[in-house]
Amino acid sequence: MTDRWTRAEERYRQNAERRYRRDDLDWSEADDYEDDTTVIPRYEDDDEDLHGYDDEHGYVDEPPIEPEPRRRAAPQRADSGRRPASRGNDRRSGSSRSGGSRKRSRVASRKAAERKRRRRNLWIISGVFVVIFLGAAGFAAWKFIGGFASPADYAAGSAGPIAVIQVKSGDTATEISKTMADKGIVASSAAFYEAAVRNTNMNSVQPGYYAIPSHSPAAEAVTALVGKGSRVGNVVISEGRQLHDSSDVHTGARKDGIYRKIAEASCVGASTAAKCVTYEQLDAAGTNTDPAALGVPSWALERVKAVPDRSRQLEGLIRAGTLDFDPSGNAEQILKQLVTDSAASYEATGLVQSGGANGLKPYDTLIGASLVEREALPQDMSKVARVIVNRLAVDQPLQFDSTVNYTLDKTEVATTDADRARKTPWNTYAMAGLPATPISAPSLDALRAMENPLAGPWLYFVTVDKQGTTLFTEDYNEHLRNIKKAEQSGILDSGR
């Protein structure tokens, strides 16, 4: 019995050593070895002798007690009819496991590095977003807090030199505020805007030019703007007014010309310290400056250059009505602005295209309109325009007293025989055709009448009373009878 146990134990040891020799693994790489074994089953030897079989006695009643191995090996699937793997196979299997372990270790290292890189990038991106968010929040807070702060404004008593601003048609309070700030009148557009919306008189501000002291507190600037005395460069030119002054024969009163009106409207500042463009400066600029530099339009330029009296070259080119100009300019700049604006107004009526209706060039139409303005009341303008066109068509002298009066220092409705006999480039008694230039500033109504004269055969007309009643005829004898009516009313009496 002892021999049987001895032999069984020897066979067990040999079998164990054959399967699990330590040199089958590279123990120097033990750190890379990964034991995935979770359950170690009981070892069973393939030799049936270990289960109680004896060559001499056969099976015994009790199985032999198996000594516990010093190192329990990794399980190996039992396979009926197969012998244990050879020692060489065990060595290759161990090398394969070791190589696989190193490969898994490198993959794990790369994955760990990738995770670390992703975490680092995530922190960087998060940091950028935090910086942006904090910056935006800070800016919003600054704007919010700044919204409650008072806008920059000048202190009372700090007013400086007067500045001129222009309020354009359609300007809002916001646009006016910006203009005020740009000109240095107020410290900030916001301050002016806040003061403007509190002043209901802002609704009455008209397009034009305004003189306001610079460095003014916003409230004072608003008050100055809506005040009556701040408007400058605003001139009203009555219909039929001439460039130069004249006087009435009966009263001797001076009738201010267009240059005089412009000079008065050009003053900026207090009465004693006012800065104005003078009548003489305007007359000199209108006489000596090249017409093109004064804004004379192309359709009038050649005729204006040929005017025999240079002091009258701008006659009729500054229209009647309410005009605005920048008074801070010099005489040439002011005249150019007014001539340019007037030409645009004339052209808007269809002046350039009017030749189809009256057979005249644009400048001749303007001359005719100035005659209509001086000779007719509004209700008769279209008929007087027809008389002009009809007489020009048959080369009959116009014989208008207004053309005689144009060059006289003292004027009246009636003229003398001596006045009518005096030859000038404007006297239509002494020559046929139109005068050399317009003789006054025509209204737009007179211009439209000349552009489209009423159809009719009339060649003569005369005003027969002081109420302005005018009679028209194509018959000369009837015209003579109408003149008698005018003489009887006293309208043709001369004061000379």
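A crossing of two helices is called right-handed if the near helix is turned clockwise from the far one by less than a right angle, and left-handed if the turn is anticlockwise. Keep that in mind for the first view; everything below comes from a predicted model.

**View 1. Helices α11 and α12 cross in a right-handed way.** Here α11 covers residues 362-375 and α12 covers residues 381-393, and the two pack at an angle of about 130° with their axes 9 Å apart. Angles over 145 degrees would count as roughly antiparallel and 65 to 115 as roughly perpendicular, so α11 ends up oblique to α12.

**View 2. A closer look at where α11 meets α12.** On the α11 side you'll find Gly368, Leu371, Val372, Glu373 and Glu375, and across from them in α12 sit Met381, Val384, Ala385 and Ile388.

**View 3. Three strands make an open sheet in the order β3-β4-β5.** The pairing is antiparallel. β3 (162-167) and β5 (231-232) are the edge strands, each pairing on one side only. Six bridges join β3 to β4 (residues 208-213).

**View 4. Phenylalanine 400 and phenylalanine 461 form an edge-to-face pair.** This is one of six aromatic pairs in the structure. The ring centres are 5.5 Å apart, with 70° between the planes. Phenylalanine 400 belongs to the loop between α12 and α13 (401-405), while phenylalanine 461 is in strand β11 (residues 460-463), so the pair ties together parts 61 residues apart in sequence.

Notes
Residues are numbered from 1 along each chain as its sequence is written. This is a predicted model: local features need pLDDT of at least 70, side-chain atom pairs count only at pLDDT 80 or more; totals for chains, interfaces and linings use all residues. Side-chain values use heavy atoms; hydrogens and water are left out. Two strands pair if DSSP finds at least two bridges between them. Helices (H or I, at least four residues) and strands (E, at least two) are DSSP runs, numbered from the N terminus. Axes are lines fitted to C-alpha atoms, for helices over the stretch in contact, and angles run from 0 to 180 degrees between N-to-C directions. Angles under 35 degrees count as roughly parallel, over 145 as roughly antiparallel, 65 to 115 as roughly perpendicular and the rest as oblique. Contact means heavy atoms within 4.5 Å. Rings of Phe, Tyr and Trp (its six-membered ring) pair if their centres lie within 6.5 Å; planes under 30 degrees apart count as stacked, over 60 as edge-to-face and the rest as tilted.
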